[in-house]
Amino acid sequence: NDLNLGLGGVTNSYQFPAKCHLRSPSQFEAVFKQRCSVTGKHVRVFCLKNGLDHLRIGFIISKKVAKR
């Protein structure tokens, strides 16, 4: 039962393959520079077209939210 989101075989376990991960600061910076975002009560989503056949995703969690 794969989700059809262009994720290349992501199943309903909600794991993303490595090719879909944003990893480096420069990858995140490119998304932030585009200034395309949508803000909700608890989340802000930034987007950038990547020209690939799959999406890429990265998460930044505030230290206020994710205390260690």
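The tour goes from the whole chain to single residues.

**Before you start**

This is a predicted model, in which local features need pLDDT of at least 70, side-chain atom pairs count only at pLDDT 80 or more, and totals for chains, interfaces and linings use all residues. Residues are numbered from 1 along each chain as its sequence is written, and side-chain values use heavy atoms, with hydrogens and water left out.

**Stop 1: the whole chain**

Colour the chain by pLDDT, the predictor's confidence in each residue, from 0 to 100. The chain has a mean pLDDT of 79, and 74% of its residues reach 70 or more. Where pLDDT is low, the predicted coordinates should not be read in detail.

Now switch to a cartoon view. There are 1 helix and 2 strands in the chain, and from the N terminus on they run α-β-β. Helices (H or I, at least four residues) and strands (E, at least two) are DSSP runs, numbered from the N terminus. Select helix α1, residues 25–34: confidence is highest here, at 92, and lowest in β2, at a mean of 88.

Show the surface next. The accessible surface of the chain is about 6200 Å², and 55% of this belongs to carbon and sulfur atoms. Such areas come from the Shrake-Rupley method with a 1.4 Å probe; for residues, only the protein chains shown count as cover. Of the 68 residues, 10% count as buried. Buried means under 20% relative accessible area, exposed over 50%, and partly exposed in between (1.4 Å probe, protein chains only).

**Stop 2: Arg35**

Select Arg35, in the loop between α1 and β1. Is Arg35 buried or exposed? Arg35 counts as exposed, at 74% relative accessibility. Its phi is near 60°, a positive value in a residue other than glycine. Most residues other than glycine have a negative phi, and most peptide bonds are trans.

**Stop 3**

Select Cys36 and Cys47. Cys36 is partly exposed, with a relative accessible area of 32%, and Cys47 is partly exposed, at 35%. How many disulfides does a search of the whole structure find? The search finds 0, a disulfide being a pair of cysteine sulfur atoms within 2.5 Å.

**Stop 4: Val45 and its surroundings**

Move on to Val45, in strand β2. Val45 counts as partly exposed, at 47% relative accessibility. Leaving out residues up to four places away in sequence, Val45 touches Cys36, Ser37 and Val38; contact means heavy atoms within 4.5 Å.

Together, Val38, Val43 and Val45 form a nonpolar patch on the surface, with about 270 Å² of accessible area.

**Stop 5: Phe59**

Finish at Phe59, in the segment after β2. Phe59 is exposed, with a relative accessible area of 61%. Draw a C-alpha to C-alpha distance from Phe59 to Val45: the two are 14 residues apart in sequence and 9.5 Å apart in space. Then draw one from Phe59 to Leu22, where 37 residues in sequence correspond to 8.2 Å in space, C-alpha to C-alpha.

Notes. Patches are made of residues with over 30% relative accessible area and no salt bridge: like charges are joined within 9 Å, nonpolar side chains (Val, Leu, Ile, Met, Phe, Trp, Tyr) within 5 Å. A salt bridge is a side-chain nitrogen of Lys or Arg within 4 Å of a carboxyl oxygen of Asp or Glu.
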